[in-house]
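Dear colleague,

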Amino acid sequence: MSQLLDIQRRMAAAVMHPLTKAETMPRRRSDGKLNNAEAESFIKPNDRLTSFERLEIYNRQYWFRLYDSFEDDFPGLLAIVGRAKFDALMRAYLTERPSESFTLRNLGSHLEAWLGAHPEMTAPHTVLALDMARLEWAHIEAFDSAADPLLNEDELIAINENSQLRLQPYLRLLSLQYPVDDLLIDLRNEDGSSDSSSNNASIARRRKHVRRVAAVAPEQIWLAVHRHQNSVYYKRLQREEYRLLESLLNGRPLGEALDYAFTGSEIPEEERSSFLQQAFSTWAVLGWFTK
Amino acid sequence: MPANRFNGFTEYGVGIGLRVPHYQHILSRKPVVDWFEIISENYMIDGGRPLEILDRILEQYRVVQHGVSMYFGSADPLNREHLKRLKQLVRRTKTPWLSDHLCWGSVDGRYTHDLLPMPYTWEAVKVTAEKIRQVQDFTEVPVVVENVSSYAEFHVSEMTEWEFLTEVVEAADCGILLDVNNIYVSSQNHSFDPFTYVNHVPAERVAQIHIAGHSKFEKYILDTHDHPVLPAVWKLYARAIERCGPTATLLEWDDRIPSFDEVHDEALKANEFLQAVTPKAKADAAQPELQGAAR
């Protein structure tokens, strides 16, 4: 192995290792290595700092940077599980799934799957927390994914049951068991309007968060997370709308997608035509159909 | 000297970093700014508001790209997806040069998102220079590398940081983004004379200069970019442009960002130093001596 690769692996192992609860570099790592000896073996001390202390600067910087980014991306999840559980969850997730992307934007890309495999990290709000994480990740994706050119009027008129309609790459569809859209909008509004420098205000906000989370009752909702004029919106969908859009996203021809959408539907046959007309008209106005 | 092949033969003046809190001010007030530096990674996306804002900025301003995660010094090969997206952005911005750091930050495909210091070895020179050449070839714009602030040094180092920088840029045949704040921070953390560093740098390769503020702690200095430029850094800047000529200069302010005007005013202080090294200023300075000689 090259000397460069060896040093980089050893330094990365120390830098990316979780901090102690006091947010310092641990003396002993989970692999049994002693950080003091490890640091001394490749880092020079100076007249003010030991090798350990110099390495610790990078260890702390790594985690503080990741914590900031992760917390910015998932404020709703934090509100649901509370500070202590969120910190533990964040540390465990980032340890198991360190960034594999050149951009911090993708830090939460594996969170949904990870939370699904670790329900204990969010108990007793496991389903609510998972729904919130899915919504917050969909928000990130909707914010900066591509927007394709729209179908023109002639192309819209020419649509038939064999058409394979393409939808905007930024559109995300979610089937959720809790109305987390309302909760997240409330949280964002509250954070935006509060005086963050006031401790009293901060404590009051935390109490409100707890009360609100405790009061959220399960409710099946279907949601389109989309972008309009470069702002992200959450649009509630009916079950049939969700199934239709989901089918189209999966590449099914319109006729098949419609059959799937209305399977088990409570919408009477005679109302389906106007239902579809209304839905397609809205989606066309929102610019969801693309070439 | 300031217009050279490493900065696309441009003569840019004083710029500032384009930051989100200033978007509204810039778009509505349209202040006179010579150029903006963007963090490439913030715009290496497929759509949405950041790119819309960037396009509006590009309609009115000159923009130069600055990257934070190419990690020329990582032993890992270059990330192809990163390169592809970087080139797309280069085509969009028409940046005359492209900068990133002389550091490493990823290993075995895992990213630290930090600018980690290099061991100053001949092996590292070779690996780093080769990757800079690859980026330069792929993006088809001049690449310049920035010296980083550091808090650690390695036992295996075989040369000083300024020697390492010189070896790398000569082996890669690339330019330098000389960050005088980083030189100052590292000089305090590693007890060397920052002027020795500035005096050693191959001046003909300097394409751009960074200035910034830092924070002093009990046992070390941290490169925080959350303060005005300190007097010691201005002195180093003065020496750098004395050697390099009036070079494109950019103020970095990334945390606790004040108003646009405050950031811009701080950056424009560089003009006092730049004007002192313009050919006219040099001629004016020499005039009294000539007059004295004639008498």
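In this predicted model, a network of salt bridges links A:Arg105, A:Glu141, A:Asp144 and A:Arg172. Is A:Glu141 buried or exposed? A:Glu141 counts as buried because its relative accessibility is 17%, and the limit for that class is under 20%. A:Arg105, at a relative accessible area of 22%, is partly exposed.

Two salt bridges within chain B may be set beside this one. In the first, B:Arg19 pairs with B:Asp254, and the closest N and O atoms are 2.6 Å apart. B:Arg19 lies in the loop between β1 (14–17) and α1 (23–29) of chain B, and B:Asp254 lies in the loop between β12 (249–252) and α9 (260–268) of chain B, so this pair ties together parts that are 235 residues apart in sequence. B:Arg19 is buried, having a relative accessible area of 10%, whereas B:Asp254 counts as partly exposed at 36% relative accessibility.

In the second, the side chains of B:Arg56 and B:Glu52 meet in a salt bridge at 4.0 Å, N to O. Where do these two residues stand in relation to each other in helix α2 of chain B? They are separated by about one helical turn, because they are 4 residues apart in that helix, which covers residues 49–60. Both count as partly exposed: B:Arg56 has a relative accessibility of 36%, and B:Glu52 has 29%. Over all chains, the count of salt bridges comes to 34.

I turn next to a histidine of chain B. B:His66 is found in strand β3 (residues 63–66) of chain B. With a relative accessible area of 1%, B:His66 is buried. Its side chain makes a polar contact with the side chain of B:Ser99 at 2.6 Å. The side chain of B:His66 also makes a polar contact with that of B:Glu146, at 3.2 Å. If residues up to four places away in sequence are left out, the residues that B:His66 touches include B:Glu37, B:Ile38, B:Asp100, B:His101, B:Leu177, B:His210 and B:Glu252.

The next topic is the interface between the two chains. How many residues of chain A are in contact with chain B? There are 43 such residues in chain A, and they meet 51 residues of chain B. The area buried between chain A and chain B is about 4,000 Å², and carbon and sulfur atoms give 59% of that area. A:Leu4, A:Tyr58 and A:Phe102 supply 20% of the area that chain A buries against chain B, which is more than any other three residues supply.

On the side of chain A that touches chain B, the elements that give two or more residues are α1 (3–15), α2 (35–42), α3 (51–73) and α7 (126–144) of chain A. By class, that side of chain A has 19 nonpolar, 13 polar and 11 charged residues.

Finally, I describe chain A as a whole. Its secondary structure comes to 13 helices and 5 strands. The C-alpha trace of chain A spans about 80 × 50 × 30 Å along its principal axes. The radius of gyration of chain A is 24 Å, whereas a compact globule of 291 residues would have one near 19 Å. Of the 291 residues in chain A, 48% count as buried. Among the contacts in chain A between residues at least 6 apart in sequence, 66% join residues that are at least 24 apart.

Yours sincerely,
Your colleague

Technical notes
Residues numbered from 1 in each chain as written. Chains lettered and ligands numbered in written order. Predicted model: local features only at pLDDT ≥ 70, side-chain atom pairs only at ≥ 80, totals over all residues. Heavy atoms only, no water. Contact = heavy atoms within 4.5 Å. Buried area = accessible area lost by both parts, 1.4 Å probe. Nonpolar A, V, L, I, M, F, W, Y, C, P; charged D, E, K, R; others polar. Rg over C-alpha atoms; globule rule 2.2 N^0.38 Å. Buried < 20%, exposed > 50% of the residue type's maximum accessible area, 1.4 Å probe, protein only. Polar contact = N/O pair within 3.5 Å; in protein donor to acceptor, adjacent residues only side chain to side chain.
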